[in-house]
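Here's a quick tour for anyone opening this one up for the first time. Have a look at the picture, then work through the points below.

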Amino acid sequence: MDQIWQIAYIVAALSIVGSIKWLSSPATARQGVWAGQFGMLFAVIGTLLRHEVVSIEWILICIFIGAAIGAPLAYLMPMTAVPQLTALSHAFGTLAAALVGTAEYYRIHPTGFVMAALVIETVLGYLTFTASIMAFGKLQEIVPTRPITYKGQNLVNLLLLAIAVGLGAWMIIEPTPVWVFPAFAALSLLFGVLLIIPIGGGDMPTVIALLNSYAGAACAAMGFALSNRLLIIAGALNAASGFILSVIMCKAMNRSFTNVLFGAFGQVQQSTTAQASTRPVHSATAEDAAAIMAGARKVIVVPGYGMAVAQAQHKLRELTDALTKRGVEVQFAIHPVAGRMPGHMNVLLAEADIPYDKMHEMEDINPDFSEADVALVIGANDVVNPAARHDTASPIYGMPILDVDKAHTVMVIKRSMNPGFAGIDNELYYMDRTLMLFGDAKSFVGDIVKELPAHS
Amino acid sequence: MTTETEMSLYVLILAVPLGLQLVQRVSPLLHTPLMSLTNAISAISVVGAILVAGSGEATPFTKTLGCVAVVASTINIVSGFLITDRMLKMFRKKEK
């Protein structure tokens, strides 16, 4: 019997590695998901066959309940809600890790190496659990998305973490009084909440990636506590994945990694409160925009979170089709941190059936802006702000941006002149070549599509 | 240090660079599916949850914790994989 579960674990580990490998290209990506599911199935069946597992009726019932909750969750959420769903799904996974750690502690009351692994597992599990719930709340806008800060916040957070680590160390060294573990767990839970409170919605891509990394690390720690190498492999892959993604996000926002690790996100942004500018802008109607686009050869669309909010991706597809039919080349330029999750824009555009070979990364498309007749900015703000290039006083100075200002005409669809999420004014709006298209992104794009046939 | 622990450390040492390599090759186009796939994979904690819930030496307390953990991790697995697949289904190269 023993060999069977070991073989199942090896198959599971191989499938999980293969699953991430296949995800590297859209052509094989779905195979990757199948491999992942296959691996997970083997991991579960293998575990159920282990002789340590004596009663499986309850486990099967629990698996059934979990599947009955998880499946509708995945099918009923709209595509724009993918970041929230991932955060929520995450909360459940890390809660599981934390509870397993807690149960192990109460079952064997270990000290030394095993306890060290359990301490890491539970602290990461509990803090990632509440942090994910908070991230879910912010993304779903149940919790205010603006960063909430107070004086000495970092000090309070660090102090809490230090106490939790101290308690953890105490438990590793010797058996402790009964209150220590609950206090340790409570501090970890509280720390997770405090970690997310100061973070603004715009920084969520980094945070979600980072939480993913923590969840992986918690799994790997669980693997050490239970001497289970499958957990170590899957956990390590996960931790690595989350880590890389958050590093990519950091680079795209010109933040240092230490800044992110200590949860000091959003700090920079608050230093400047935007003053409503009274400088003149050129505004235009859908008719004007349609006339210019009808005569263009190349249009580059720059989507941002505003497109997701307005659900404008389907109208954008209509516009793409109409322009392509007229012989206008349409491309999409996607900034690494556009949206609320890495790659968020790609998913929404794909949902609207826009082929992925039209979506381009920042480095690839930036040289093309100078030969574009129109750059159409939809719901993006900071990622196209030229101040990032030259204004050393700007909070986003140094952040790589999309060079939309090099296009012949820049069109910006925006609700009003209110500064964007980060509260930074954007000099792009005041350029002579910039036309401001005020209105709801979805209906405005729809209007442009309607006006197009009039121009031939 | 036991041989068990030593072996586990070797596994960790090899798995981390492997993960870094694999993920670096994923196209930014697929970063959201990557996030949700790895999110589903992180629910491998279901293995630990089953071991705790099904253990012969479990007390009612640890068994309850284990069962809740099984439910929670299954939610994570099922929703994680399904949403990833739902997203990937939409990625098409050319229009029909």
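The radius of gyration used here is taken over C-alpha atoms, and the globule rule to hold it against is 2.2 Å times the number of residues to the power 0.38. By that rule, a compact globule of 96 residues would come out near 12 Å, but chain B has 18 Å. Keep in mind that this is a predicted model.

**Chain B on its own**

- Of the 96 residues in chain B, 62% count as buried.
- Take the contacts in chain B with a separation of 6 or more: 60% of them come from residues 24 or more positions apart.

**Two helices packing inside chain B**

- Two packed helices are described by the angle between their axes and the distance between the axes.
- For helix H3 (residues 46-54) and helix H4 (residues 60-90) of chain B, the angle is about 155° and the axes are 8 Å apart.
- Angles over 145 degrees count as roughly antiparallel, so H3(B) is roughly antiparallel to H4(B).
- The crossing of H3(B) and H4(B) is left-handed.
- On the H3(B) side, the contact is made by Val46(B), Ala49(B), Ile50(B), Val52(B) and Ala53(B).
- H4(B) brings residues including Leu65(B), Gly66(B), Ala69(B), Val70(B), Ser73(B) and Ile77(B) to that contact.
- Sorted by class, the residues of the contact of H3(B) with H4(B) are 10 nonpolar, four polar and one charged.

**Where the two chains meet**

- The contact between the chains takes 98 residues from chain A and 78 residues from chain B.
- On the chain A side, the elements that each supply at least two residues include helix H1 (2-22), helix H2 (29-48), helix H8 (204-225) and strand S3 (359-361).
- Which helix of chain A gives the most to this side? That's H4(A), with 17 residues.
- The side of chain A that touches chain B has 62 nonpolar, 26 polar and 10 charged residues.

**A helix pair across the chains**

- Helix H9 (residues 229-253) of chain A and helix H2 (residues 31-41) of chain B have axes that come within 9 Å and cross at roughly 150°.
- That angle makes H9(A) roughly antiparallel to H2(B), and their crossing is left-handed.
- From H9(A), the residues that meet H2(B) are Ala234(A), Leu237(A), Asn238(A), Ser241(A), Gly242(A) and Leu245(A).
- H2(B) answers with His31(B), Leu34(B), Met35(B), Thr38(B) and Ile41(B).
- The residues in this contact of H9(A) with H2(B) split into six nonpolar, five polar and no charged.

- Glu141(A) isn't a glycine, yet it has a positive phi of about 65°.
- You'll find Glu141(A) in the loop between helix H5 (112-139) and helix H6 (153-173) of chain A.
- Asp353(A) sits in the loop between H15 and S3 of chain A.
- With 15 other C-beta atoms within 10 Å, Asp353(A) is partly exposed.

Terms used: Residues numbered from 1 in each chain as written. Chains lettered and ligands numbered in written order. Predicted model: local features only at pLDDT ≥ 70, side-chain atom pairs only at ≥ 80, totals over all residues. Buried ≥ 20, exposed ≤ 12 C-beta atoms within 10 Å, placed from the backbone. Contact = placed C-beta atoms within 7 Å. Axes fitted to C-alpha atoms, helices over the stretch in contact; angles between N-to-C directions. Helix = DSSP H or I, 4+ residues; strand = E, 2+ residues; numbered from the N terminus. Parallel < 35°, antiparallel > 145°, perpendicular 65-115°, else oblique. Left-handed = near helix turned anticlockwise from the far one by under 90°. Nonpolar A, V, L, I, M, F, W, Y, C, P; charged D, E, K, R; others polar.
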